[in-house]
Amino acid sequence: ILMNFMCQPYGDAAIAAMSIVSRFMFFINSVIIGFGQGFQPVCSYCFGAGLYDRVKKACWFCIRVSTIILLVLSVISFRNDPTVIEIGTLALRLQLITLPLQGAVIMGNMMPQSIGYGFRATLVSTARQGIFLIPLLTIMTYTIGLLGIQCAQPLADIATFILSLFVIRGIFKEFPEDASSFAAQ
């Protein structure tokens with residue numbers, strides 16, 4: 001809703017272009033969300049069993065695989081389609097550049113959620129579209145106009161990626177070094 005409101009002064013073409021880009025990116029991200037949902041039971045089981053090394057390995061494996069998948073989808077989708085209006089083409093390209101970062105973002109949400117770190121999972125899940133996007137969209141639209149609208153989501157994605165890495169690493173640092181001592185408790 002905010003995106004459409006911010007696009008309104010730039011005309012129907014801007015609203016249509018940004019809506020198409022948002023839907024397209026949502027479709028691609030849905031693939032990785034499904035992948036992350038497959039990761040959740042593995043993560044929960046291993047965490048509950050005190051197999052912290054497996055949680056770490058599974059998380060980093062899923063981040064690597066999802067990054068490769070997203071990189072491939074990004075490259076495949078990165079073409080100059082004459083039927084796409086100029087506004088949508090730039091916005092889509094900017095979002096495709098940051099698409100490979102979404103694997104870490106999704107796993108940075110799914111892993112904490114799976115092992116009982118609710119606040120951190122909520123923080124990562126609200127960061128992309130709320131904590132970072134809304135202020136960036138508001139500030140950048142008023143300062144640099146339509147380009148601000150086109151750049152806001154990719155910048156929010158970068159900020160969320162960085163936050164996700166901090167969350168993942170922070171949780172891993174809290175894991176006991178000797179998993180056998182945890183399992184014995």
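This is a predicted model: local features need pLDDT of at least 70, side-chain atom pairs count only at pLDDT 80 or more; totals for chains, interfaces and linings use all residues.
**Exercise 1. Describe the overall build of the protein: which secondary structure elements does it have, and what are its spans?**

Solution. Start with the elements: the protein has eight helices and zero strands. Reading along the sequence gives the pattern α-α-α-α-α-α-α-α. Next, take the extent of the C-alpha trace, which is about 65 × 30 × 20 Å along the principal axes. Then turn to the contacts: of those with a separation of 6 or more, 77% join residues 24 or more positions apart. Finish with burial and surface: 43% of the 185 residues are buried, and the accessible surface is about 9,800 Å², with 68% of it belonging to carbon and sulfur atoms.

**Exercise 2. Find where confidence in the model is highest and where it is lowest.**

Solution. Begin with the whole protein, where the mean pLDDT is 88 and 91% of the residues reach 70 or more. Now go helix by helix: confidence is highest in α7 (residues 146–174), at a mean of 95, and lowest in α8 (residues 179–184), at 49. Last, look at residues 180–185, where the pLDDT is below 50; this stretch has six contacts in the model beyond near neighbours in sequence.

**Exercise 3. Work out how the span of helix α4 compares with the expected one, and which helices its buried residues pack against.**

Solution. Helix α4 covers residues 86–98, which makes 13 residues. From first C-alpha to last it reaches 19 Å, close to the 18 Å expected at 1.5 Å a residue. Now list its buried residues: I87, G88, T89, A91, L92, Q95, L96 and T98. Their packing partners are α2 (12–48), α3 (52–77), α5 (102–114) and α7.

**Exercise 4. Decide whether S74 is buried or exposed, and name its contacts.**

Solution. First place the residue: S74 lies in helix α3. Its relative accessible area is 5%, and the cut-off for buried is under 20%, so S74 is buried. Then set aside neighbours within four places in sequence; S74 is in contact with L96, I97, L99 and P100. One of these, L96, is itself among the buried residues of α4.

**Exercise 5. Identify the residues of the nonpolar surface patch and classify L155 by its accessibility.**

Solution. The patch is made by L155, I158, I162 and F166, and its area is about 370 Å². L155 is found in helix α7. Its relative accessibility is 35%, between the 20% and 50% cut-offs, so L155 counts as partly exposed.

Note on methods: Residues are numbered from 1 along each chain as its sequence is written. Side-chain values use heavy atoms; hydrogens and water are left out. pLDDT is the predictor's confidence in each residue, from 0 to 100. Helices (H or I, at least four residues) and strands (E, at least two) are DSSP runs, numbered from the N terminus. Contact means heavy atoms within 4.5 Å. The expected span of a helix is 1.5 Å times one less than its number of residues. Buried means under 20% relative accessible area, exposed over 50%, partly exposed in between (1.4 Å probe, protein chains only). Patches are made of residues with over 30% relative accessible area and no salt bridge: like charges are joined within 9 Å, nonpolar side chains (Val, Leu, Ile, Met, Phe, Trp, Tyr) within 5 Å. Accessible areas come from the Shrake-Rupley method with a 1.4 Å probe; for residues, only the protein chains shown count as cover. A salt bridge is a side-chain nitrogen of Lys or Arg within 4 Å of a carboxyl oxygen of Asp or Glu.
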